[in-house]
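Visitor: I have a model open on my screen, and I would like to know what lies behind the words used for it. Could you walk me through them?

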Amino acid sequence: VQLQASGGGLVQAGGSLRLSCAASGRTFSSYTMGWFRQAPGKEREFVAAIKWGGSSTYYADSVKGRFTISRDNTKNTVYLQMNSLKPEDTAVYYCAADRQWTILSYEYDYWGQGTQVTVSS
């Protein structure tokens with residue numbers, strides 16, 4: 001599985017962005033998809049995950065109520081809608097894929113290249 005993340009950019013606090021992650025491969029629908037982020041000088045952290053059929057989602061407490069993860073298996077794409085953005089959301093955002101349901105970064109087998117999100121105050 002190859003992943004290509006896009007949609008990052010510069011936005012003011014309170015604004016919104018939607019990230020996309022396009023996946024190659026015919027078995028996309030059988031993978032859990034996750035979003036992670038890494039700010040400068042910090043470890044990579046979990047943001048959100050969605051199960052293969054889209055029936056289950058899970059969010060980090062820091063983004064719950066502001067971010068929404070979704071997927072379109074017909075387009076092999078997972079999305080992260082980010083609303084009410086805060087300066088502390090500034091980071092490189094990565095999408096990842098794995099066959100098991102997990103929120104642990106080290107368990108994900110496939111990673112995209114990352115897209116920068118910068119939120120100005």
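Predicted model: local features only at pLDDT ≥ 70, side-chain atom pairs only at ≥ 80, totals over all residues.

Visitor: What makes the protein chain as compact as a globular protein of its length?

Guide: Start with the elements: the protein chain has eleven strands and zero helices. Its radius of gyration is 13 Å, close to the 14 Å that the globule rule gives for 121 residues, so the protein chain is as compact as a globular protein of that length. Along the principal axes, its C-alpha atoms fill a box of roughly 40 × 25 × 25 Å.

Visitor: Which residues touch the most other members of the largest nonpolar core?

Guide: That core has 35 residues, and those with the most contacts to other members are Met33, Trp35, Leu80, Met82 and Tyr93. Among the elements giving two or more residues to this core are strand S4 (32-38), strand S8 (77-82) and strand S9 (91-98). Beyond four places in sequence, Met82 is in contact with residues including Leu19, Phe67, Tyr93 and Val117.

Visitor: Why is Ile103 called partly exposed?

Guide: Its relative accessible area is 32%. Buried means under 20% and exposed means over 50%, with partly exposed in between, so the 32% of Ile103 makes it partly exposed. Ile103 sits in the loop between S9 and strand S10 (110-111).

Key:
Residues numbered from 1 in each chain as written. Heavy atoms only, no water. Core = buried A, V, L, I, M, F, W, Y, C linked by side-chain atoms within 4.5 Å. Buried < 20%, exposed > 50% of the residue type's maximum accessible area, 1.4 Å probe, protein only. Helix = DSSP H or I, 4+ residues; strand = E, 2+ residues; numbered from the N terminus. Contact = heavy atoms within 4.5 Å. Rg over C-alpha atoms; globule rule 2.2 N^0.38 Å.
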